[in-house]
Amino acid sequence: MTTVDFFTAQFGGVLMILVSLIGLFFNVSAFYQYLSQEKTNFYIMCISKTISNSLHLLVYLAYNGPSALLYTQIGPEWLNRYLNQAIAYGLYCQGPLTQALITINRFLIVYFQPIIVPWYSKWITIGSLAFCWIIAFYFSTLIGFPESCLIKFSHQKLTWIHEECPYIIHFILQSDFLFLVLPLGLFSNFMNIFIAINLFLLSKSQSLSNETSRQRRKTTIRLFIQNCFEDWIYVLDTVNSLFIRDSVNDGFVIFLVTLGSNLITQVADGFVMFMSNYHQSRKQRVSSATRVRYLNPLKPLN
């Protein structure tokens, strides 16, 4: 594996810090947008996703970026290993897992169109998310395996290093989680096809005579589009894992298609969630301000 020079490593470090800051802006903003919304199952799952994305990005901002910029390992090696094991596998798998739950949620909403959501549905959602976080925690720590099975970030090579691990878990990790990420991506996109077909059929068969029905239909379509974009973000990163990562030799290009792709995935995910809800949040703020002005005409809007 090619070693990069000092200035290339510094440039990579600056990129990681700047891009992670942008990603944190989108994800933290989306987090607060979702907090201001009604706590539906969909929004609860999105809140969980913004948290995992933000933790992911913090590792690049506080550790990998500065490590490359200073061209040295920061802190003990175990810290390096656990942080990078988390962003390469643990926290990373949280995205596709949560995305699969979101797709199932959209499928149930579109096909069954419940007027009243059962009270226990939120507990099912919270339980499912807790299970996803347990999986993420395990693959971040690999409890029961030696520390050498955890990957580490090399500031000299600007990528991750896998050391020999005489267990099957090493084979699974070396396969870039294709046993988990690829099936989840295929499942989500397969479900999206059925959701799209049903939305099309409903648009032809139903007349939306009142404003509430029209707004509900717009929201359903908006959230479905958001879900599709988020699915394809992970699909593209998986394609990168399959066909691109092993075919490049240049040190900086290796950085772009490994850590760069891993980082951009979280930024793009946050951007999609932020943009999907920006207009909706703005409309709610304007509506709230207008209502306050109506109830108290003497109070200024700002």
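Here is a walk through the structure above, from the overall layout down to a few single residues.

Before setting off, keep in mind that this is a predicted model, in which local features need pLDDT of at least 70, side-chain atom pairs count only at pLDDT 80 or more, and totals for chains, interfaces and linings use all residues. Residues are numbered from 1 along each chain as its sequence is written, and side-chain values use heavy atoms, with hydrogens and water left out.

Let's start with the big picture. The protein chain has 8 helices and 2 strands, where helices (H or I, at least four residues) and strands (E, at least two) are DSSP runs numbered from the N terminus. Follow the chain along its sequence and you get the pattern α-α-α-α-β-β-α-α-α-α. The chain has 302 residues, and 46% of them count as buried. Buried here means under 20% relative accessible area, while exposed means over 50% and partly exposed is in between, using a 1.4 Å probe and protein chains only. Now for contacts, meaning heavy atoms within 4.5 Å. Among those between residues at least 6 apart in sequence, 82% join residues at least 24 apart.

The UniProt record, an unreviewed entry, places the feature "transmembrane region" at residues 6–30, 123–145, 177–201 and 252–275. UniProt positions are given in the numbering used here, feature names are shortened, and annotations may be inferred rather than shown by experiment. What does the model show at two of these spans? Residues 123–145 are 83% helix and 0% strand, with the end C-alpha atoms 33 Å apart. Residues 252–275 are 100% helix and 0% strand, and there the end C-alpha atoms lie 31 Å apart.

Next, look at how some helices sit against each other. Two packed helices are described by the angle between their axes and the distance between the axes. The axes are lines fitted to C-alpha atoms, for helices over the stretch in contact, and angles run from 0 to 180 degrees between N-to-C directions. Begin with helix H1 (residues 6–36) and H2, whose axes come within 8 Å and cross at roughly 160°. That makes H1 roughly antiparallel to H2. For such labels, angles under 35 degrees count as roughly parallel, over 145 as roughly antiparallel, 65 to 115 as roughly perpendicular and the rest as oblique. H1 passes H2 in a left-handed crossing. A crossing is left-handed if the near helix is turned anticlockwise from the far one by less than a right angle, and right-handed if clockwise.

Then move on to helix H3 (residues 77–112) and helix H4 (residues 121–141), which pack at about 155° with their axes 7 Å apart. So H3 is roughly antiparallel to H4. Their crossing is right-handed. Among the residues making this contact are Tyr82, Tyr89 and Leu97 of H3, along with Leu129, Trp133 and Phe139 of H4.

Time to zoom in on single residues. Asn41 belongs to helix H2 (residues 41–70). Is Asn41 buried or exposed? Its relative accessible area is 12%, so Asn41 is buried. The side chain of Asn41 has a polar contact of 3.2 Å with the side chain of Ser121. A polar contact is a pair of N or O atoms within 3.5 Å; within protein, one must be able to donate a hydrogen and the other to accept it, and residues adjacent in sequence count only if both atoms are side-chain atoms. Setting aside neighbours within four places in sequence, Asn41 is in contact with Asn105, Val117, Ser121, Lys122 and Thr125.

Over in helix H6 (residues 181–205) you'll find Ser188. Ser188 counts as buried because its relative accessibility is 2%. Not counting residues up to four places away in sequence, Ser188 touches Gln99, Ala100, Thr103 and Asp231.

Back in helix H4 sits Ala130, which is partly exposed at 37% relative accessible area.

Finally, the loops. Tyr71, in the loop between H2 and H3, has a positive phi of about 55° although it is not a glycine. Tyr71 is partly exposed, with a relative accessible area of 24%. Leu158, in the loop between strand S1 (152–154) and strand S2 (159–161), also is not a glycine and has a positive phi of about 55°. Leu158 counts as buried, at 0% relative accessibility.
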